[in-house]
Amino acid sequence: MCRKQALWVGFLLYGVGFGGVGAMLSLIVIDTFGSTHFGKIQGMIQLGVAFPSITAPILGGYIYDTTGNYRLHFAITIPIFVTSMMLLASGRPAVRAAKQR
């Protein structure tokens, strides 16, 4: 696979992976905590997203400028995403948790 094809495959995977994050995150919050405190919880999530959203591109640019590639940046970010996915998958919605008791 040439470099250009690999880039398009990367774009496709990125689009599929992050295409529904905004909608799914809201649905997960409502399913897990209910709609009573949705605004407060969503605000706290956005606070948690703000710092990495600002620092990750800066860190990626710095790493690329100093090393000439993005390998270290991917080595840092991939474990963070995998940990997030595992934590998200381990959570149980409050409704199902209450029914199981």
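Visitor: Which helices each supply at least two residues of the lining of the largest pocket?

Guide: The lining of the largest pocket draws at least two residues from each of α1 (3-18), α2 (21-33), α3 (38-67) and α4 (71-90). This is a predicted model, in which local features need pLDDT of at least 70 and side-chain atom pairs count only at pLDDT 80 or more, while totals for chains, interfaces and linings use all residues. Residues are numbered from 1 along each chain as its sequence is written, and side-chain values use heavy atoms, with hydrogens and water left out.

The setting comes first. The protein has five helices and zero strands, in the order α-α-α-α-α along the sequence; helices (H or I, at least four residues) and strands (E, at least two) are DSSP runs numbered from the N terminus. Among its 101 residues, 10% count as buried, where buried means under 20% relative accessible area, exposed over 50% and partly exposed in between, with a 1.4 Å probe and protein chains only.

The largest pocket holds about 2100 Å³ of space. A pocket is an open set of points on a 1 Å grid over the protein atoms alone, where a 1.4 Å probe fits, with protein on both sides within 12 Å along at least five of seven lines; lining residues have an atom within 4 Å of a point. Grid points are joined across faces, edges and corners, and the volume is the space filled by probe spheres set on the points. The lining comprises 44 residues, and F18, V21, T77, F81 and S84 lie nearest the centre of the pocket. Helix α4 gives the largest share of the lining, 11 residues. By class, the lining has 28 nonpolar, 13 polar and three charged residues; Ala, Val, Leu, Ile, Met, Phe, Trp, Tyr, Cys and Pro count as nonpolar, Asp, Glu, Lys and Arg as charged, and the others, Gly among them, as polar.

The 13 residues of α2 should span 18 Å at 1.5 Å a residue, and its end C-alpha atoms are 18 Å apart, which agrees; the expected span is 1.5 Å times one less than the number of residues. For α3, the 30 residues should span 44 Å, and the end C-alpha atoms are 43 Å apart, which agrees. After α2 comes G34, with a positive phi near 90°, and after α3 comes G68, whose phi is also positive, near 90°.

The buried residues of α3 are I41, Q42, G60 and I63, and these residues pack against α2 and α4. Q42 counts as buried because its relative accessibility is 14%. Not counting residues up to four places away in sequence, Q42 touches S26 and V29, contact meaning heavy atoms within 4.5 Å. F38 also lies in α3, but F38 is partly exposed, with a relative accessible area of 24%. The C-alpha atoms of F38 and S26 are 8.4 Å apart in space, although the two residues are 12 residues apart in sequence.
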